[in-house]
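Work through the exercises below with the sequence and the 3D view side by side, and read each solution only after trying the task.

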Amino acid sequence: MAVHSKVAVVTGAGTGIGKAAALALLRDGYCVALAGRRREPLEEAVKAAGADAARALAVPTDVSDPASVTALFDATRKKFGRVDVLFNNAGQNAPGVPFEDMPYDKWKAVVDTNLTGSFLCAQAAFRVMKGQTPRGGRIINNGSISAHAPRPDSAPYTASKHAITGLTRTISLDGRKYDIACCQVDVGNAMTELAARMSKGVKQADGSIAVEPMIDVEDVARAVLYMANQPQGVNIYHLMVMATKMPYAGRG
């Protein structure tokens, strides 16, 4: 693929969906800033890009920290000059415990990363996209099927992902006048560290434990790339990608 001038920022890029999406963007010719909490996985992801690594930048980032997010976007602009795409992917979950037993610190950690982190990164990207020439860009938020239907014992994660939908809608509205599109990808059962337990059995709504089918992270990466590559006047506003036989539709 010929190199083009587009620049992407991917959070949570050291592993899982973020890594797969960052590598897909690099293969497609993007310059990519890979952000994540730990430097080593980011550098491993860059190394996995092979020759495309020349267009990659690893930036250790805590998305819940405003100063760290500012440093990420400053480094991206210094290296690549602009930001065309943000994939807001960084996220975490809390242990599956009964609602009444959920510790406050676990709630706060999930909300700080999944919601506040997405807000801070989107706001930073919005400011860059608004002021650059050519103006505009695209923000892709990683929601979840949990944005539509919760699993048992998942209050922090589910609440944060419902909130991502509200954030997406707001940015989509507020970004119109600056040619900034915002969209959401909701993923069901991609094989990542976060979701690997589902392949061994996960609690269902009736309390039973069932093994659930999974999809590969590359399937999600292709969906993210498809959303990123739409013309400026086109927005894939919402895309859900999931295992065909996962228990989501109907009664499972």
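Axes are lines fitted to C-alpha atoms, for helices over the stretch in contact, and angles run from 0 to 180 degrees between N-to-C directions. The model used here is predicted.

**Exercise 1.** Describe how helix 4 and helix 5 pack against each other.

*Solution.* Begin with the geometry: helix 4, residues 104-131, and helix 5, residues 155-174, have axes 8 Å apart, and they pack at an angle of about 15°. Angles under 35 degrees count as roughly parallel, so helix 4 is roughly parallel to helix 5. Next comes the handedness, and here helix 4 passes helix 5 in a right-handed crossing. Finally, look at the residues: the contact includes Trp107, Phe119 and Phe126 of helix 4, and from helix 5 it includes Tyr157, Ile164 and Leu167.

**Exercise 2.** Work out the strand order of the open sheet and find which strands stand at its edges.

*Solution.* The seven strands of the sheet follow the order 3-2-1-4-5-6-9, with parallel pairing. Strand 3 (56-60) and strand 9 (238-242) each have a single partner strand, so one side of each is left without a neighbour in the sheet. On average, neighbouring strands are turned by 15° against each other, direction ignored.

**Exercise 3.** Trace how strand 6 is joined to strand 9, and what packs on strand 6.

*Solution.* Strand 6, residues 180-188, runs parallel to strand 9 and is joined to it by five bridges; Gly188 stands opposite Met242 in strand 9. Helix 5 packs on the sheet, where it touches strand 5 (137-142) and strand 6, and its direction makes about 160° with that of strand 6.

Terms used. Residues are numbered from 1 along each chain as its sequence is written. This is a predicted model: local features need pLDDT of at least 70, side-chain atom pairs count only at pLDDT 80 or more; totals for chains, interfaces and linings use all residues. Side-chain values use heavy atoms; hydrogens and water are left out. Helices (H or I, at least four residues) and strands (E, at least two) are DSSP runs, numbered from the N terminus. Angles under 35 degrees count as roughly parallel, over 145 as roughly antiparallel, 65 to 115 as roughly perpendicular and the rest as oblique. A crossing is left-handed if the near helix is turned anticlockwise from the far one by less than a right angle, and right-handed if clockwise. Contact means heavy atoms within 4.5 Å. Two strands pair if DSSP finds at least two bridges between them.
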